[in-house]
Structures are given as structure tokens and as C-alpha cells.
Amino acid sequence: MAKGLSEKDLGKFKLVGNIDAFRKRLVFQVTEINLQENDYFSRLYLYDGRKVRPFTGGKKDSNPRFSPDGKLIAFTSKRDKGDEAELYVIPTDGGEARLLAKFKYGIRNLRFTEDGKGIAVVTPIDVERKKDDVHVIKEIPFWFNGIGWVYGKRSVVYLVDLETGRKKRLTPKSLDVSQIHFHKGKLYFIAQEDRERKPMVSDLYVLEGRKAKCLTPGEWSVSDFIPLDDGTFILKANTRERGIPTNTHIYHYNPETAQLRKLTAKLDRSAYNSLNCDVRGSQRAELLFKDGWIYYVATDGPRANLFRVNLEGKIERVIGGDRSVESFAIGDYIAFTAQDSVTPTELYVLRDGKEKKVTDFNGWIRDYKLSKPEHFKVRASDGVEIDAWIMKPVDFEPGKKYPAVLEIHGGPKTAYGYSFMHEFHVLTAKGFVVIFSNPRGSDGYGEDFADIREHYGERDYQDLMEVVDEALKRFDFIDAERLGVTGGSYGGFMTNWIVGHTKRFKAAVTQRSISNWVSFFGTTDIGYFFAPDQIGGDPWSGEAYWEKSPLKYAPNVETPLLIIHSMEDYRCWLPEALQFYTALKYLGKTVELALFPGENHDLSRSGKPKHRVKRLELIAGWMERWLKIIM
């Protein structure tokens with residue numbers, strides 16, 4: 001008899017992503033979650049248009065790129081002892097990988113030069129040499145989630161000679177570089193100049209000799225680009241009119257006239273994948289320009305699909321369906337990785353209008369019994385429709401009452417939809433109903449829908465409660481007396497908010513949460529700009545920071561609460577958990593605290609495998625304890 005997924009089945013998932021294409025060939029990355037060794041291992045695979053075969057044998061091979069002539073593949077790895085990231089090249093037809101260079105702080109991006117004689121690498125460096133282990137800090141942000149200390153560091157571009165491995169720094173230490181392109185013998189790149197005073201601004205630059213010339217006005221957040229032959233550019237950018245809720249669009253930009261034209265004006269959607277997933281492969285969804293069309297991924301409601309737009313602003317959906325397109329590449333045909341609610345990520349190709357599934361790394365899942373999400377619409381009290389889903393227990397029996405768990409996504413400008421959530425399947429396997437939705441603040445429904453600035457805990461909270469009301473009305477198998485709630489990041493904030501504003505939930509688990517906007521502002525990697533954008537003003541502007549802090553409402557909490565937090569979470573730093581736990585303990589509430597050493601904000605997505613299993617066990621165990629599963 002087929003069984004549901006357990007916490008430890010996490011170790012069976014293969015994470016497919018990071019595709020690159022050259023004509024009929026594809027190279028891509030497959031990552032294994034190894035519970036026994038408590039680590040992630042990745043290797044490269046090659047597809048020649050007919051079959052897939054393993055290509056490299058290292059345990060940490062990733063980020064493949066074809067050379068301009070397709071004869072070589074560059075990739076990063078960690079094969080030698082030590083923590084340095086290594087740059088390798090290997091012949092596409094097979095052979096030994098050759099180590100070119102090592103970089104102390106990792107490799108964030110790489111790209112061949114146009115002539116194929118060198119590889120440009122984006123890597124962090126120390127701007128000033130550190131004399132000892134004392135942290136003398138002169139700037140913000142001083143740390144960043146998943147990276148650690150970032151003060152005094154900038155990412156620069158090094159050119160690595162393909163023959164000798166010699167490294168030459170190209171860009172100045174004053175700029176923090178991300179994306180790079182070579183075009184007509186010039187290096188173009190995206191960089192931040194002032195991440196302290198302009199943390200949401202990144203500009204397009206060109207390297208002229210040893211100097212970097214800025215081509216954009218210092219007002220936008222440019223995240224990707226394509227140089228065109230006429231000296232103009234395709235930009236993926238956020239022009240920030242509405243702060244963080246502003247959608248990222250595709251633009252045509254002429255630096256000579258400073259004219260910026262929005263190509264995707266007819267589709268009020270973010271030009272990236274916002275869908276939540278806890279078993280996601282490495283994503284590569286860079287802009288691609290082919291035959292007059294710009295290809296990009298956009299989140300459209302609960303779907304992430306591949307679109308294309310031309311220079312006249314005509315938009316077409318290329319890869320549609322109730323699914324999440326993760327990575328894509330284009331050679332002689334379109335290759336992409338995709339997943340849905342019951343199918344983990346695999347590699348697909350679209351050739352001559354026909355789609356073909358190429359890999360089956362996660363075929364093992366067909367031996368399991370999965371609950372497929374059932375979609376329903378909720379008309380909120382102000383008339384706006386909200387997308388919601390319910391997942392029944394895998395061994396559902398009509399006429400029986402079941403406890404339910406409301407799941408709340410982070411962001412808030414992300415979304416739930418047709419992507420795979422291992423956590424949800426673990427809960428349904430244990431006899432829970434799972435309810436999830438996209439309340440106000442979510443991405444995928446336009447800027448008006450996403451914009452809850454200065455109104456946290458208001459319309460978003462109402463939407464969530466109305467989703468629960470509608471679920472109880474529609475599905476009589478849900479036991480209204482056995483409701484739980486959980487969420488992470490913004491979802492953790494909202495879980496904290498909920499238990500301080502209603503007693504209808506009998507169990508709650510808050511994860512990587514915010515409890516106090518004042519401390520969040522001053523201690524986290526994004527607090528100094530995220531909180532002013534989302535809450536309004538700063539801690540000295542008035543009472544909003546305290547009024548919107550769940551900590552203020554701690555005396556109202558009656559719901560048993562488990563607080564899960566990572567000890568190196570710099571996005572929502574540890575004090576967010578400690579002060580909420582201390583307050584609830586002081587007030588005599590039912591609360592427990594679970595701290596994960598060595599983990600950051602991304603525990604649920606990329607934490608140590610054993611810690612990820614433990615996290616799932618804690619969530620399920622808390623719900624079982626307080627919602628009293630009745631078999």
C-alpha cells in the first residue's frame with residue numbers, strides 16, 4: 001500500500017537546475033540531499049538531444065557555462081581541501097577537468113569572454129586588509145543572511161586567462177558587482193555603488209579602460225540586462241515608484257537619450273519566479289534574446305511561466321500550465337526545468353511545438369500517495385477574490401473530522417501556487433488538512449494587490465481569517481476546534497500577529513519571524529531599508545513600529561506557540577525569537593523555543609539536511625501534540 005511522504009524522505013529528492021545550452025547540447029546541475037553525510041552534493045549532466053548522461057564526477061560541481069564555440073564548459077567546484085571556490089574547465093566531448101583558479105570568498109557569477117580566451121568571474125574581496133579578529137565596522141549592512149560579515153567587502157570582476165589561469169581585477173573596489181556581459185569587446189555589468197544610502201539601487205555600468213561609467217540614472221534596481229548591437233539595452237529592472245511592492249518589468253533603454261520604455265506594460269506581473277518551494281534546484285532564469293524576442297520567467301497568479309516579449313511590447317506565453325518554470329536555456333530548442341504541486345523538478349525540452357520530459361530523477365515519488373491541492377476562490381469582505389487551496393489527508397475518509405493547519409508564506413511579496421512543498425505533504429501524510437492561500441501582499445496579482453505598505457496586520461490578516469472561514473464553510477470535514485497555524489519570515493510575523501489577535505487557533509509554530517520592528521530595523525541585514533518601506537518612517541517617526549509589532553500584543557496570546565529560529569539568521573535576527581519567547585514565558589504563556597545552530601534564514605530550503613528533517617519533525621510534533629490527531 002502506498003504511503004505518504006515523511007520528513008526523512010527529504011533525502012530522496014534530486015534538485016535539477018542551472019541549465020546552459022549550446023545548439024543541441026545542454027549541460028545542467030543535479031543536487032542530492034544526503035542525509036547520511038548531512039550535506040548537499042552536486043554534479044553536472046549533459047544532454048545531447050537524445051539522451052542524458054553524467055558528465056562530471058565531483059561532489060560539488062555547479063554553475064556550468066558553455067564557451068562561445070561550445071567546445072568547453074566552465075564550472076565551479078570544491079574538490080581540493082579548504083574553503084576556497086575553484087574554477088574549472090572541461091572539454092564538452094569529455095576528458096579531465098582542469099583547475100584554472102581559486103577564489104577565497106566564492107564565485108557568484110562567471111562568463112566567457114567573446115573570444116573564448118578568458119573567463120570573467122564575480123567574486124567578493126576585502127576592500128581593506130584586516131589586521132586582527134576585532135570587527136571595526138564603518139558601514140551598513142555589516143552582515144548579510146547566508147553570507148556572514150559583508151562590511152569592508154565588495155564583489156569585483158576578475159578576468160582569468162584560459163591558458164595560464166592568471167587573474168586580473170577589472171572593476172574598481174568601490175562597486176559591488178552582480179551580473180556581467182561581454183559585448184563588442186566591452187565589459188558591461190550591474191553593480192551597487194552605495195548600499196548604505198541607496199540599498200535598493202543598482203545600476204548598469206560599462207568598463208572603459210580602468211574606469212567604470214554608469215549608464216543608468218541611479219534611481220532603479222537593475223537585476224539583469226542584455227546589450228543590443230545598436231548601443232541600447234534590454235533591462236530587467238524595478239523602477240521603485242511604489243517601493244518594494246513595485247513589480248520588476250522588462251524595459252528597453254537608450255543611454256544616449258535616457259529613454260526608458262516598459263516592454264511588459266500589458267502584463268502587471270513580476271518578471272521572476274516568486275513561488276514558494278522547499279525542494280528547489282539552483283535556478284538560472286537569465287534574460288535571453290533570440291530572433292527579436294526577450295525570454296523571461298514571470299509569476300502570474302499561482303503560476304510561474306516562461307514568457308517572451310518583443311521590442312514593440314507584444315507578449316506571448318511560451319511555457320504555460322499550472323506549474324513553476326524554474327530555469328531555462330535556449331540553443332536549437334528551448335530547455336527548461338519545471339515542477340508542480342505533486343511533481344518535483346525535472347528537465348523538459350520544447351522542440352517544434354512539442355514538449356518532452358527528458359529526466360526522471362524524482363520518479364521514486366510515484367510510489368507515494370500524495371494529496372493534490374484543491375483550488376477554491378474566496379471573495380473577501382471588500383469584494384476582491386483570493387486564491388486558496390486545501391489539501392486533504394492522504395488517507396482521507398468521508399464523514400470523518402480532521403484537524404487543519406493554515407500555512408502562511410513569506411515575503412510578503414512571494415506566493416503559493418503550483419510548486420512542490422514537501423512540508424505540506426508531510427502534514428497531509430500525518431492526517432492534517434493543509435490550507436494555504438495568497439492574501440493581500442502576495443506577488444502575482446498586480447501591484448495594487450501586493451501593496452500593503454504601512455498596513456501590515458490589517459487587510460492581509462482579514463484575508464487569511466476569511467480564507468479559514470470559507471474553508472470551514474465549504475469543507476465540513478475540517479474540525480473548527482482543531483486549527484493550527486504556521487509560517488516563516490513574513491509568515492512568521494503574521495503567525496505572531498494572529499496569536500496576539502485571535503484565540504481561534506489551538507496550536508501555532510512561528511518560524512524565522514519578526515516580533516519587534518524596532519529591533520528588526522537596527523539589527524538585520526535589510527532592516528534599515530525594508531522596515532521604512534513596509535512599515536513607514538523609522539522608529540523615531542511615531543508609534544507605527546510598536547503598534548505593528550507582535551511583541552506589543554504578547555499579553556493577549558493564549559495559543560500554545562513553538563518558536564523556531566536559526567542562530568545565524570541575519571534577515572530576521574535571533575533577538576526576534578528571544579524577546580518574544582522571553583515575553584511569553586514571563587507572562588506565563590505556553591511557549592517553547594527551538595534554536596538551530598549554524599543555520600540562517602533559509603533553513604527550510606537549504607539548511608543542513610538533518611536540521612531540515614528536525615525542523616519538520618518539530619512542526620508536525622507540535623501540531624500533533626496540541627491538535628490531538630484522532631485515529
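Throughout these legends, a residue is buried under 20% relative accessible area, exposed over 50% and partly exposed in between, with a 1.4 Å probe and protein chains only. The structure is a predicted model, in which local features need pLDDT of at least 70 and side-chain atom pairs count only at pLDDT 80 or more, while totals for chains, interfaces and linings use all residues. Residues are numbered from 1 along each chain as its sequence is written, and side-chain values use heavy atoms, with hydrogens and water left out.

**View 1. Trp 573 in a loop.** At 26% relative accessibility, Trp 573 counts as partly exposed. Trp 573 is placed in the loop between strand S37 and helix H8 (575–586); helices (H or I, at least four residues) and strands (E, at least two) are DSSP runs, numbered from the N terminus. Contact means heavy atoms within 4.5 Å. With neighbours within four places in sequence left aside, the contacts of Trp 573 are Trp 143, Thr 523, Thr 524, His 565 and Met 567. Asp 387 is 186 residues from Trp 573 along the chain, and the C-alpha atoms of the two are separated by 31 Å.

**View 2. Ser 566 in strand S37.** Strand S37 covers residues 561–566 and includes Ser 566. Ser 566 has a relative accessible area of 3% and is therefore buried. The side chain of Ser 566 reaches the backbone oxygen of Asn 600 at 2.9 Å. Residues up to four places away in sequence not being counted, Ser 566 touches Leu 574, Phe 596, Glu 599, Asn 600 and Leu 603.

**View 3. Two nonpolar cores.** A nonpolar core is a set of buried Ala, Val, Leu, Ile, Met, Phe, Trp, Tyr and Cys residues joined through side-chain atoms within 4.5 Å. The largest such core holds 82 residues, of which Ile 435, Ile 478, Met 494, Ile 498 and Trp 517 touch the most other members. Another core, of 17 residues, lies apart from the largest one, and its members include Val 89, Ile 107, Ile 125 and Leu 162. Beyond its neighbours within four places in sequence, Ile 498 is in contact with Ile 408, Tyr 461, Leu 464, Met 465, Val 485 and Phe 505.

**View 4. Trp 517 in helix H5.** Helix H5 (residues 517–523) contains Trp 517, which is buried with a relative accessible area of 0%. Not counting residues up to four places away in sequence, Trp 517 touches Tyr 456, Phe 493, Phe 530, Ala 531, Ile 535, Tyr 545, Lys 548 and Ser 549.

**View 5. An open sheet of four strands.** The strands follow the order S19-S20-S21-S22, with antiparallel pairing. Strand S19 (221–227) and strand S22 (259–262) stand at the edges with a single partner strand each, so one side of each is left without a neighbour in the sheet. Neighbouring strands of this sheet are turned by 30° against each other on average, direction ignored; the axes are lines fitted to C-alpha atoms, for helices over the stretch in contact, and angles run from 0 to 180 degrees between N-to-C directions. Two strands pair if DSSP finds at least two bridges between them. Four bridges link strand S21 (residues 249–254) to S22 in the antiparallel sense, and Tyr 253 has Leu 260 in S22 as its bridge partner.

**View 6. Strand S29 and its two hairpins.** Five of the six residues of strand S29 (residues 346–351) are buried, so this strand is largely enclosed by the rest of the structure. Strand S28 (residues 334–339) pairs with S29 in the antiparallel sense over five bridges, and the two form a hairpin with six residues between them. S29 is also joined by four bridges to strand S30 (residues 354–357), again running antiparallel. The hairpin of S29 and S30 has two residues between the strands, and Asp 352 in the turn has a positive phi of about 55°. Within S29, Tyr 348 is the bridge partner of Phe 336; Tyr 348 also stands opposite Lys 357 in S30.

**View 7. Asp 300 in strand S24.** Asp 300 is located in strand S24 (residues 293–300) and, at 14% relative accessibility, counts as buried. The side chains of Asp 300 and Arg 269 make a polar contact (2.9 Å); such a contact is a pair of N or O atoms within 3.5 Å, where, within protein, one must be able to donate a hydrogen and the other to accept it, and residues adjacent in sequence count only if both atoms are side-chain atoms. Asp 300 touches Arg 269, Phe 307, Arg 317 and Gly 444, residues up to four places away in sequence not being counted.
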